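Visitor: I would like to learn how to read single features of a model like this one. Could we begin with the exposure of one residue and go on from there?

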Amino acid sequence: MLNIVVIGLGSMGKRRIRLLKSISNNIVLFGVDKSKERCIQVNIEYCMNTYTSLEEVLCIPGLKLDAAVVSTSPLSHAYIINKCLTEGLHVFTELNLSNNKYNENIEMASSKEKVLFLSSTFLYRDEVNYIQKKVKECNLNLNYNYHVGQYLPDWHPWENYKDFFVGDKRTNGCREIFAIEFPWIQKVFGQVKNFNVVKGRCSLLDIDYPDTYHLLLCHENGTIGSLQVDIVSRKAVRNLEVYGENIYLSWDGTPEGLRLYNFETKKNEDVILYDNAEHLDCYSSFVIENAYKNELKAFLEEISGKKAAKYSFEEDIETLELIDRIEKKV
């Protein structure tokens with residue numbers, strides 16, 4: 001039996017609770033959020049005990065917590081992760097978007113022999129694994145075009161975009177997209193060697209950071225990519241083209257939207273990878289639950305010593321440094 005505390009009971013915290021409950025009956029969940037309203041809601045919806053501070057859970061007589069899932073806003077992660085590791089807990093965390101306390105927390109996790117697991121959801125998508133396999137089989141330099149965009153007010157339509165972390169320049173919407181995409185882009189196409197960037201504003205959004213980025217990326221292996229990231233596209237889009245002398249592949253980000261061009265028939269052929277892709281109506285069509293569940297399973301497997309995560313804090317240091325360079329580029 002594993003006792004796991006989920007810290008942060010917003011949309012991501014609820015997702016993690018729902019998925020953990022579906023993974024195993026041998027998990028006892030506790031919820032923590034500063035908002036009493038959220039605590040009450042989760043208590044009723046998921047039939048679990050909730051508290052307004054981590055200290056309350058830690059003080060429960062006879063309770064030994066095993067792990068924590070950190071789903072609060074990114075700038076709060078460093079302290080919470082540090083506190084959880086200090087208490088001897090394995091830690092799963094959502095994207096941090098800041099490398100604050102990274103080295104300290106990496107060293108503490110190592111010294112205490114605890115798992116420090118960073119979410120990188122797209123590395124657990126079946127489509128990304130398929131694309132990586134096909135790219136490797138090509139054994140040639142390739143090109144790709146990739147556009148990711150969604151209008152910022154549509155990210156969380158139930159709340160004002162200025163009331164959650166994407167409204168903050170330090171954890172802005174474009175930065176989050178970069179942090180989601182670069183781990184899998186570099187796993188598939190190789191490390192980014194250098195880049196050129198054009199960025200700017202083309203919306204009336206009340207933000208103090210660019211809403212649009214156009215990048216030309218040169219990877220160490222010779223692959224060249226064009227990456228467009230924005231928070232202004234009124235239609236949520238994730239459109240990828242990978243092409244070269246012996247491959248043409250496209251993906252629109254959805255489970256049904258992966259296609260491989262057949263050179264002999266001169267036709268695109270659908271690549272179906274899922275028997276059942278779980279999707280919630282409140283999210284765009286390319287957000288499916290399967291990958292979120294897969295990375296939680298990987299976290300639990302790493303706790304049991306069965307296998308390692310696909311992405312590490314050490315790798316994320318390099319990813320965040322790349323994003324910093326892109327944001328600072330004039």
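Guide: G222 is partly exposed, because its relative accessible area is 34%, and a value between the cut-offs of 20% and 50% is given that class. Please keep in mind throughout that this is a predicted model.

Visitor: Where does G222 lie?

Guide: G222 is found in the loop that runs between β9 (212-219) and β10 (224-230).

Visitor: How are the axes of α4 and α5 placed, and at what angle do they cross?

Guide: The axes of helix α4 (residues 77-86) and helix α5 (residues 102-111) come within 10 Å and cross at roughly 15°. Angles under 35 degrees count as roughly parallel, so α4 is roughly parallel to α5. The crossing of these two helices is left-handed.

Visitor: Which residues of α4 and α5 meet?

Guide: On the side of α4 they are A78, I81, N82, L85 and T86, and these meet E104, N105, M108 and A109 in α5. Sorted by class, the contact of α4 with α5 has five nonpolar, three polar and one charged residues.

Visitor: How many disulfides does the structure hold?

Guide: A disulfide is read from the separation of two cysteine sulfur atoms, which must be within 2.5 Å. The structure holds zero disulfides. C59 is in none, and the nearest cysteine sulfur, which belongs to C84, is 14 Å away.

Visitor: Is C59 buried or exposed, and which class does C84 fall in?

Guide: C59 counts as exposed because its relative accessibility is 61%, whereas C84, at 0% relative accessibility, counts as buried.

Visitor: What is the phi of N139, and where is N139 placed?

Guide: Phi of N139 is near 55°, again a positive value in a residue other than glycine. N139 belongs to the loop between α6 (126-138) and β7 (143-149), and N139 is exposed, with a relative accessible area of 70%.

Definitions and conventions: Residues are numbered from 1 along each chain as its sequence is written. This is a predicted model: local features need pLDDT of at least 70, side-chain atom pairs count only at pLDDT 80 or more; totals for chains, interfaces and linings use all residues. Side-chain values use heavy atoms; hydrogens and water are left out. Axes are lines fitted to C-alpha atoms, for helices over the stretch in contact, and angles run from 0 to 180 degrees between N-to-C directions. Helices (H or I, at least four residues) and strands (E, at least two) are DSSP runs, numbered from the N terminus. Angles under 35 degrees count as roughly parallel, over 145 as roughly antiparallel, 65 to 115 as roughly perpendicular and the rest as oblique. A crossing is left-handed if the near helix is turned anticlockwise from the far one by less than a right angle, and right-handed if clockwise. Contact means heavy atoms within 4.5 Å. Ala, Val, Leu, Ile, Met, Phe, Trp, Tyr, Cys and Pro count as nonpolar, Asp, Glu, Lys and Arg as charged, and the others, Gly among them, as polar. Buried means under 20% relative accessible area, exposed over 50%, partly exposed in between (1.4 Å probe, protein chains only).
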